[in-house]
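Have the sequence and structure open as you read.

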Amino acid sequence: MAETTPSLTSSKTERAKPTERVQLIVFRLGDEDYGIRIEQVKEVTVTPEVARMPKTPLFIKGIANLRGDIIAIIDLEERFRLRPEGRPVPERSYTVAVEADDYTLGLMVREVPRPFTLPLSQIEPAPEFVQDSSTRDKYLEGIAKLPEGGIIIVLDMRKLLTPSEVMRLPGKMASS
Amino acid sequence: MNKRILIVDDSFYMRTMLKNMLTDAGYEVVGEAANGAQALEMAASTEPDLITLDVILPDNTGLDVLKSLRQIQPSAKVVMCSAVGQEVIVTEAIENGAMAYIVKPFSEEKVLEIVGAALQNGASEQTA
Amino acid sequence: MKTRDQEYRELFMAEALEYYDSMSRHLSELERNPNAGPALNELFRLMHNLKANARAMGFTDLGEVAHQLETLFGLIRDKEREFSGALIRVVFAGVDALGSMIRAVGANQPLPDATALLHNLDLVVRGEAPILEEEEAAETEEESNRKMELSDLVYIQVKKLDNLLNLVGELVIDRDRIMTLAQELDNPALLATAQHLFRISDDLQYSVMDARLVGVGVLLNKFPRVVRDVASAEDKEVKLTLSGQDVQIDRNILQIITDALLHLVRNAVSHGLETTENRLKAGKPPIGELTLSAMTERDDVLLQVRDDGRGIDTEAVRRKAIERGLITAKAAPALDEQAVWALLFEPGFSMAQQVTDISGRGVGLDVVKLALDSLGGQLRVDSELGVGTTFTLVLPTSIAVKGALLVEVNERPYAIPLMHTDTVLALHPGQISIVGGVMVTYLHEQSVPLVPLRQLLHDEGDEPLPSAHKSDIEGTQHVLVVNYNSRRLGLIVDRFIRQQNIVIKPLSKPLDTIDLFGGVTLLGSGQVCLVLDVPALSRLFLTKRP
């Protein structure tokens, strides 16, 4: 008897999700829009003072103090080679702090990132053949085509943030 | 108005899980009590619509708490929570006015179903 | 934005450890008084909660063991079973198993198998006799080590204290800023408040550090058994003396140093002390003396392992080091005694002639050095042939606060722990000579190689550093002489900033793989400052010297 419940028409909530929605934090890299699922984002902040760390690849801008946590700040434009010629990193940039399993990384972006909600169905998984071509495409969850035109490239941080990925360019190659 | 729920469980882990489930479903969790004394105190001060009550508690058994709760807050529906293995107590609890029984580990769906049903049952009694 | 699952997992762990700790406490009460009602009730409740939580987390076996124990304690409480005889052993086995399972969950490892235990619990619950293995021999060393472990509840507190310590570190930084501001504004009321804040946060910092301290005895007291075992395996007679058990040290430091100390003690018994026969031949008392002592020296804690054995045969070590390729036959004769002894702690060096099952486990004394390096500690060796050897581990009292010297290179500050610094020098170009492409100066009649820190930090690639030329040396050179494993190295920096106590934060992933940096500290200005790891710098210099 123990597990029975009062015999009422159960108001069993219709919790099925006909249109599951995804919330992204969207930012620009180069001339493209990129997004990360909000669950993978810890916070967005103005980039704190970054101390360059010797013996690290160039796309690792350095380390910064984020509320007492010392985190690595990385520059995805540099990493994916998306920065147009002659466009330096602006004086004031923003950092999207993203969480890996047991550490946090900061992604430096040039403009204020903004939240954006869209139906999951709008994200098309990246085709297989794209996935193993260039560095950037390896980390794609998919590409969102917006009704009003334009696309958002959705990154999967979990693939990007493995330590071997982050450090895959050893320091000694940075001079090459 | 959102239905107001008081959670009584001596495990912080369980309380957190229940609270998340109930809050996500739109209920208002008005308090969390970790033992019988706290439960009675909070039941009196918060006047919840429903109380989830763990059958094994540190100071009193859940049953004693149930009996006192029925006295001080008769309008509150009580749903017992327990891991399997203590069915005897649960039977007694139902006899003492508990509305339903949730078996740990519980699924979110099950919890909402039982809580929803218990609350609705109460409402229909009152309006009848 | 931590996920719910992560949060649940952490809550589960924290509570499970707490439950486990209380279980152990109530069990020992039950051992004294088998009818202790409150203890039985508590055990019943704790098992019940652990079961429910474990099941919710999906740890079926853990839930099952807790379930059976819950039932069993219910039966004991209702006087249907008695807390005695074989049942006690099964209960203890059960609670031990819960402990290992919880630890496995915490370490993200697969849970140990519990089939046999569950079967026994089932038998006992049904009132049948459990199947117990023959009276186990005296507990294994592993078990005895485990019992010596600091309790898991403390582990949780340490984690929380780490957090607290970080916060205090932050507070101290802001405090220093406020202090500076108050002085600039020259407002007496503000200044007085700032000074008060200064004192309070100082006290707070020390309180947090103090809460992490434990007596060295926790570790030392586990050695009588170790020594007895090793001595009997080696057929030697050893008298062990312990002292300084009350000396206080950070609990994490003690944990990190445990293996190193075990290694030194085993080494002392199996290689340091002679057999009774050889001792008598040498005119020594038949029983070997081994002393383990702890003492404080300034802010450091010294742990000493002293034996009155045969002492280090310096020439044998020298020969062996050449054999092992650790030094060249040409360089070997120039090394002094200390430098030769330091070779004992190089990876790949083992003096054992034959591999015994006690200390010849394929690892050498290099584990000692590694543990010390990770703590920023030092090793001192003192030995006299035929008389005995003393190894001294110099450890920081607290893991968190270290004295450091701040230096500047390329307009960035770097911190170097004082533990590894010898002296600072201001050298004229005339005091520097070039030997084989390396700058060298003479300090107390010993040559010390010099290298610009800038080069060590910023030269990329594996190629050797460029050869130094006399013409490159312009003006006064600011040199910090560091010391690692009895080797000295002069680091040329742009300038010295100041000496200061720093709170070192470890580098988090993925940057923790760069061993050149021991961590990070935040300066009063809020500036991030890398802490240099002297052992790694020394090694880098050795591999890259021109």
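## Confidence first, then a helix

Chain A averages a pLDDT of 74, with 73% of the residues scoring at least 70. Keep in mind that this is a predicted model. Within chain A, strand β2 (residues 32-37) has the highest confidence at 90, while helix α2 (residues 128-131) has the lowest, at a mean of 51.

Chain C has a mean pLDDT of 81, and 89% of its residues reach 70 or more. Its highest confidence falls in strand β15 (residues 487-493), at 93, and its lowest in helix α6 (residues 141-148), at a mean of 52. As for the complex, the predictor gives an ipTM of 0.78 and a pTM of 0.47.

| Stretch | pLDDT | Contacts |
|---|---|---|
| Chain A, residues 1-16 | under 50 | 27 contacts |
| Chain A, residues 169-176 | below 50 | 14 contacts |
| Chain C, residues 135-139 | under 50 | 1 contact |
| Chain C, residues 147-156 | under 50 | 15 contacts |

Now over to chain B. Which residues of helix α2 (residues 36-46) of chain B are buried? They're B:G36, B:A39, B:L40, B:M42 and B:A43. An α-helix has 3.6 residues a turn, so residues three or four places apart point the same way.

Technical notes. Residues are numbered from 1 along each chain as its sequence is written. Chains are lettered from A and ligands numbered from 1 in the order in which they are written. This is a predicted model: local features need pLDDT of at least 70, side-chain atom pairs count only at pLDDT 80 or more; totals for chains, interfaces and linings use all residues. A residue is buried if 20 or more other C-beta atoms lie within 10 Å of its own, exposed if 12 or fewer, and partly exposed in between; C-beta atoms are placed from the backbone. Helices (H or I, at least four residues) and strands (E, at least two) are DSSP runs, numbered from the N terminus. pLDDT is the predictor's confidence in each residue, from 0 to 100. Two residues are in contact if their C-beta atoms, placed from the backbone, lie within 7 Å.
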